[in-house]
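Here is a short walk through one structure. Keep the sequence and the 3D view side by side.

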Amino acid sequence: MNMPHPEFDTSGGLPFACIAVPICLPTLYLWVVDELALGRGTWAIESGTKLGWCLWGSLELEEAVFFLTTNALIVFGLVAFDRNMAVLDTFPEMFPAAPEHMSFNSLMKVILIDPANYDMNRVRGIREAVNTLRKKSRSFYLASSVFPGRLRIDLVLLYSFCRVADDLVDESSTEAEARSWIRKLSGYTDRAYGATGEKSRSPADLASYAEKNFPIRVRSALTLLPSKHLPSGPLYKLLKGFEMDMAFTNGVFPIGNEADLQIYASRVASTVGELCLWLVFYHSSIKLPEDEKSRLRQAAITMGYALQYVNIARDIQVDAEMGRVYLPTDWLREEGLTPRDILDNPKQAKVETLRQKLLGLAFEEYQKSRPIMDLLPDEIRGPLIVAVESYMEIGRVLREKSSVPSKTKRGRATVPRSRRIWVAWKNLSTS
Ligand SMILES: CC(C)=CCC/C(C)=C/CC/C(C)=C/CC/C(C)=C/[C@@H]1[C@@H](COP(=O)(O)OP(=O)(O)O)[C@]1(C)CC/C=C(\C)CC/C=C(\C)CCC=C(C)C
């Protein structure tokens with residue numbers, strides 16, 4: 001497990017708790033059983049080979065020191081290995097060979113390279129992205145921990161880019177401000193890909209555009225987007241999805257019917273599914289045939305609908321507070337409601353009926369795409385299923401009318417941590 005990279009923590013050296021606990025706990029255990037064994041005469045140390053000092057009870061000093069030193073050596077050995085793996089995963093430019101083919105030579109290369117050569121901006125950017133993911137999405141944060149190193153880093157960076165772009169637009173106080181962020185994000189994408197789709201600009205050009213146009217807190221999320229491994233189409237389409245959100249600021253409700261809902265979901269979520277899949281295909285050592293890839297792409301699009309519908313079903317109240325109603329207007333009409341009624345009272349009984357209807361649709365889409373995930377390469381199938389299932393679990397919680405879902409400060413239903421861990425465990429062990 002190579003991330004977050006505490007070993008890169010420039011502020012305080014090695015992470016104390018992560019090292020002290022695995023040394024102290026087993027040492028304590030071994031001291032206790034050794035004391036019992038020595039005390040009961042199960043084994044003994046010959047008198048000529050010891051000082052005769054006991055740490056406590058019958059525990060000889062030599063035994064105590066032996067166990068402590070052995071555990072310390074094992075843990076520091078693992079830390080050194082983990083640190084080298086983290087360096088290999090973090091700097092693909094320096095170490096182009098995939099880390100799963102790590103040889104003695106590549107390990108030596110990592111050991112011999114002066115850390116002053118590390119791109120610390122990348123390290124800091126990755127750390128910021130991990131923090132963003134941890135704070136903003138419990139489901140994807142947990143899921144991210146089971147992906148292999150380089151894919152994990154790229155997914156977290158992709159999340160961070162999408163999150164930052166969404167937040168810039170959502171948190172704008174006026175429509176003009178939101179439009180200007182979309183223009184700038186689009187300008188950034190133009191520069192990352194070039195007008196014709198090929199990657200034309202240097203990292204320095206991109207960094208300078210980000211510096212001129214975006215606040216410092218979001219710059220690394222933009223500049224670290226792994227655009228080399230992603231097509232530009234879904235990114236532009238994602239921006240179009242954010243544009244749809246802006247209609248709400250003019251008092252317009254853009255989701256008139258189920259078709260509009262699907263268009264919206266395809267822009268903000270299916271695009272994300274496609275992008276995730278591009279990273280999977282790039283990082284996987286198993287190269288799939290084109291027809292399987294295209295079935296998987298279609299499934300990722302459909303899974304995007306499912307996740308977005310769960311997201312909307314969860315956030316009806318939070319969205320209403322922002323003046324947004326994603327429930328199709330013609331569904332509302334069937335219940336004798338208008339979007340304004342939802343804004344005025346998002347907790348009314350009929351909303352629950354509509355929430356369940358939307359969840360029904362979400363699970364239909366999920367059922368269509370979930371079996372296709374079996375085509376994914378072995379090493380990635382489990383983690384990607386965990387990502388999808390952790391999010392769908394929010395939908396299951398919302399469907400269990402008997403259970404009262406736990407809620408965050410913003411009033412969103414969440415899945416309790418133990419249940420999330422169970423979902424991850426179950427899906428990893430069965431996929
Ligand atoms: C494991 C891991 C780190 C995954 C990262 C996935 C990722 C890059 C997510 C980006 C999310 C994001 C911020 C997108 C911006 C638009 C948006 C808000 C979309 C909604 C996400 C909800 O996130 P959250 O709850 O944090 O957002 P709000 O608080 O509401 O703002 C979405 C619901 C979209 C999520 C859609 C996906 C992750 C795509 C799912 C499909 C796959 C992973 C492909 C599966 C493959 C097959 C073959 C089926």
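The model is predicted. Start with helix α4, which spans residues 120-136. Its packing partner here is helix α6, residues 149-170. Two packed helices are described by the angle between their axes and the distance between the axes. For α4 and α6 the angle is about 65°, and the axes lie 9 Å apart. Angles of 65 to 115 degrees count as roughly perpendicular, so α4 is roughly perpendicular to α6. The crossing of α4 past α6 is left-handed.

Now look at the contact itself. From α4 come R122, I126, A129, V130, T132, L133 and K136. From α6 come I153, V156, L157, Y159, S160, R163 and D167. Sorted by class, the contact of α4 with α6 holds eight nonpolar, two polar and four charged residues.

Stay on α4 and find K135, which is part of this helix. Is K135 buried or exposed? Its relative accessibility is 68%. Exposed means over 50%, so K135 counts as exposed. K135 can also be placed relative to V415. The two are 280 residues apart in sequence. In space, their C-alpha atoms are 15 Å apart.

Move on to helix α14, residues 329-334, where T329 is found. T329 has 18% relative accessibility. The cut-off for buried is under 20%, so T329 counts as buried. Which residues does T329 touch, leaving out those up to four places away in sequence? They are F253, I255, G256 and P339.

Definitions and conventions. Residues numbered from 1 in each chain as written. Predicted model: local features only at pLDDT ≥ 70, side-chain atom pairs only at ≥ 80, totals over all residues. Heavy atoms only, no water. Helix = DSSP H or I, 4+ residues; strand = E, 2+ residues; numbered from the N terminus. Buried < 20%, exposed > 50% of the residue type's maximum accessible area, 1.4 Å probe, protein only. Axes fitted to C-alpha atoms, helices over the stretch in contact; angles between N-to-C directions. Parallel < 35°, antiparallel > 145°, perpendicular 65-115°, else oblique. Left-handed = near helix turned anticlockwise from the far one by under 90°. Contact = heavy atoms within 4.5 Å. Nonpolar A, V, L, I, M, F, W, Y, C, P; charged D, E, K, R; others polar.
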